[in-house]
Amino acid sequence: MTRWGILATGNIAARFAEDLTLVPDAELVAVGSRTAESAERFAAKHGVARAYGSWAELAADPDLDVVYVATPHAAHHQATLTCLDAGRAVLVEKPFTLDLADSTALVETARSRGVFLMEAMWMRCNPLILRMVELVAEGAIGTVTGVRADFSMAGPFPPESRLRALALGGGALLDVGIYPISLAHLLLGAPDHVRCWAKISPEGVDENTGIVLGYDSGAVATLSCGLLGASAVTASITGTTGRIELPSLFFRPDSLTLHRSGREPETIHAELVGNGYQYEAIEVQRCLAEGLSESPLVPHATTLEVMGLLDDVRAQIGVVYPGRS
């Protein structure tokens with residue numbers, strides 16, 4: 001049995017707790033928050049045995065095998081560091097941190113302590129996404145020449161929303177833009193060229209962002225994210241002999257369609273159960289059982305490369321978080 005703790009009590013934490021009930025040999029035994037009241041409410045709702053009124057108390061619980069950090073991303077670095085310092089394995093919600101420097105520090109801390117650490121990029125653990133990767137590796141669409149993906153949400157968001165708060169890492173890029181970027185990275189790796197444009201809000205966060213990633217191989221990824229209107233949230237992967245279409249929501253698909261030259265389109269379906277977070281929890285438990293310090297599905301190197309890309313995009317569009325470059 002793998003004993004889980006959840007750090008934070010918001011919407012993502014609740015959805016993860018729900019999905020943990022779908023994971024074999026998983027038990028949610030503790031929750032921690034900034035206040036005891038919030039932790040106790042969450043514990044009562046989700047049947048959690050222990051509730052702590054601080055991150056440090058949760059991290060110090062000796063019965064925990066792993067902690068899921070579900071805070072808003074501006075708090076990921078400190079929350080994760082608290083858990084790592086206590087020797088706890090950690091699954092930390094995406095994006096890993098606000099920038100590459102903090103992400104690198106967490107990876108180095110985990111490695112120095114020999115503690116498991118993984119970014120909760122659930123898309124990379126999704127069964128249909130993994131099947132898509134297999135199809136590409138098998139040459140089903142030839143050599144990948146292009147990736148297109150979008151993820152934009154409908155606004156307007158109220159002034160108090162964290163999505164409008166620069167100090168909290170607000171804007172479209174880190175919240176939803178990470179999905180198109182991660183998909184392109186999954187299929188094409190780190191780009192050789194990055195070009196971007198964005199509409200910046202009065203608060204200084206990006207509201208509508210376009211990104212083009214270029215590769216010396218000739219491949220191109222065209223990506224977009226935003227907060228001004230709901231996009232289709234679909235993706236397509238083009239190859240020299242075919243393409244793969246991912247429907248909405250492309251990062252949590254219930255099907256994919258394979259188009260190959262001279263053949264009828266083939267649609268592969270998968271039954272969606274729960275919210276989709278259970279697959280990353282299953283991967284964490286597999287890694288812990290095998291004594292791994294990082295996941296081969298979401299390795300540290302990938303997390304850091306994607307974080308570096310996010311930094312690059314931010315620099316080009318002029319989004320600067322307080323106290324950071």
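A: Domain bounds here come from an automatic or database domain assignment. For this protein chain, that assignment gives domain 1 (2–121) and domain 2 (127–275). Keep in mind that this is a predicted model, where local features need pLDDT of at least 70 and side-chain atom pairs count only at pLDDT 80 or more, while totals for chains, interfaces and linings use all residues. Residues are numbered from 1 along each chain as its sequence is written, and side-chain values use heavy atoms, with hydrogens and water left out.

Let's start with the spacing: the centres of the two domains, taken over C-alpha atoms, are 27 Å apart. Where they meet, 13 residues of domain 1 are in contact with 12 residues of domain 2 (contact means heavy atoms within 4.5 Å).

Now for the area. Buried area is the accessible area (1.4 Å probe) that two parts lose on being put together, summed over both. Between domain 1 and domain 2 it comes to about 1000 Å², with carbon and sulfur atoms giving 62%. On the domain 1 side, His73, Lys94 and Met121 lose the most area to domain 2, together 42% of what that side buries.

What about polar links? Across the interface, 5 residue pairs are in polar contact, both residues at pLDDT 80 or more. A polar contact is a pair of N or O atoms within 3.5 Å; within protein, one must be able to donate a hydrogen and the other to accept it, and residues adjacent in sequence count only if both atoms are side-chain atoms.
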